[in-house]
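Okay, thanks everyone, let's get going.

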Amino acid sequence: MSRLPAVLCVVLVLSLVAPASVAVAQSNGETVTLTVTVRDQAGNPISDADLDVTWDGGSTTATTAANGKAFVDVPAGASVSIAVTHPRYVRNSPYRIAEATEDDVTVDVFRKSSVRLEVSDDDGPVANASVLIERGGLDVETGTTGPNGVFESGVLQAGSYSITVSKAGYYTRRKSLDIDGEITNRVALRRGSTAVDVRVVDPHFDPARPVAGANVTLVGVGGSRTDRGGNASVTAPVNTETTLRVTRDGYRTVERDLTVGEEATTVSVDLSRTPSITLAAANERIVAGERLVITATNAYGEPSTDATIYLDGERAGTTDGEGEAAVRIDDPGDHTLYVTRNGVRSNEVSVEAISADGDTATPTPSPTATPTPTATTTTGTSPGFGAVLAVLATLLFAARFVRR
């Protein structure tokens, strides 16, 4: 009876250890065999195809036999990639296995092919045209045409492709092309241009106001000037990468990258005035000890509030909600004032303070002497005037006599 508990104990221990032992064995290199068959588009087996098989942390190689098959040992559960090399066949991308198990794998290969593209316009070959070759939505090959307008691809697997040829100033050309073997294809490009309509407004206002007279430039292309409505139009070559620059005196320059497509483009640009402050004084001369009223306005002629005032380089206060301030100037002599706000400095204003003792008062002009009246004679330019006076005097005398 004493041996039964011992046997049960041993069985229990083995049952606990065994799973762990299996797990260790699997993690320490358990392999599975892949049976790989390489065939062409017609389903024919391809012999002498070299297989480069890789996985995380390892790789191996194999070559297919006459029946197109090869056996490859890989780690169980590994993510495996199989690339095929053959003198007459090609595969654009490796064959991938997400989780390797003991299984049969068929890898299709295609006849080696290539394409020669001859790109031209009405004037002849087009150099430096961009070429994109796609298959199934994936980029297969890219490049540019040479001085002779020719682009030659590398090795491609036979099949249907999408070809795109583009260049600034030309309409983009897209075409489907079956490539099987070494083929040559001609691509004709056509020049074109389109309008770039630009509207320039000043966002300071609500609603924003159009900015007339602004210079609108497409760098390397051309330019125009905005009308009263803030509108300008520039004709540009299609499919062009350029820089849009908008300038006007008193405004900040605006630049932005712009892609001109094959349809008319409309662009809106916010153009704001260059920050500035204009300072004005109520008087050019005051009596020392009195206050000078100054007014500060921004680039839009609006009050510049909370601007810091400097008198002879020393801080002397801030402007109020109306952009005004009264600055006391105590010392006689010439003085300079300016204001700053948000890093912007105004113009300088000069004022002369006059001493209160009157030393520099404006002298009072001396009175002008009154000329002594002279007797009027009967000669000259008014003959008979004295006789008239005599008659009037006689009449006045007679009137006084009658009253008596």
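**Loops, bridges and a patch**

Let's start at Asn 239, which sits in the loop between strand E22 (231–237) and strand E23 (240–247); helices (H or I, at least four residues) and strands (E, at least two) are DSSP runs here, numbered from the N terminus. Asn 239 has a positive phi of about 55 degrees, although it is not a glycine. Is Asn 239 buried or exposed, or partly exposed? At 24% relative accessibility, Asn 239 counts as partly exposed, where buried means under 20% relative accessible area, exposed over 50%, and partly exposed in between (1.4 Å probe, protein chains only).

Quick housekeeping. This is a predicted model, so local features need pLDDT of at least 70 and side-chain atom pairs count only at pLDDT 80 or more, while totals for chains, interfaces and linings use all residues. Residues are numbered from 1 along each chain as its sequence is written, and side-chain values use heavy atoms, with hydrogens and water left out.

Back to the backbone. Asp 306 is another non-glycine residue with a positive phi, near 55 degrees. You'll find Asp 306 in the loop between strand E28 (291–298) and strand E29 (308–311), and with a relative accessible area of 54% Asp 306 is exposed. Then there's a cis peptide bond between Asp 206 and Pro 207, with omega about 0 degrees. Pro 207 is in the loop between E18 and strand E19 (209–210).

Now the overall picture. The chain has two helices and 34 strands. Of its 404 residues, 31% are buried. If you take contacts (heavy atoms within 4.5 Å) between residues at least 6 apart in sequence, 51% of them join residues at least 24 apart.

Ser 346 belongs to the loop between strand E33 (344–345) and strand E34 (349–354), and at 7% relative accessible area Ser 346 is buried. What does Ser 346 touch, leaving aside its neighbours within four places in sequence? Those contacts are Ile 277, Leu 279, Tyr 338 and Val 339.

On to charges. How many salt bridges does a search of the whole structure find? The search gives 10, a salt bridge being a side-chain nitrogen of Lys or Arg within 4 Å of a carboxyl oxygen of Asp or Glu. One of them pairs Arg 191 with Asp 121, at 3.8 Å, N to O. That pair links distant parts of the chain, 70 residues apart: Arg 191 is in the loop between strand E17 (182–188) and strand E18 (193–202), and Asp 121 is in strand E9 (residues 110–121). Arg 191 is exposed at 52%, whereas Asp 121 counts as buried at 14%.

Arg 328 and Asp 330 also form a salt bridge, with the closest N and O atoms 2.6 Å apart. Arg 328 is partly exposed at 44% relative accessibility, and Asp 330 is partly exposed at 44% too. For Arg 345 and Glu 348, the closest N and O atoms are 2.8 Å apart. There's also a network of salt bridges linking Arg 116, Glu 118, Glu 152 and Arg 186.

What does that leave? Happy to take questions.
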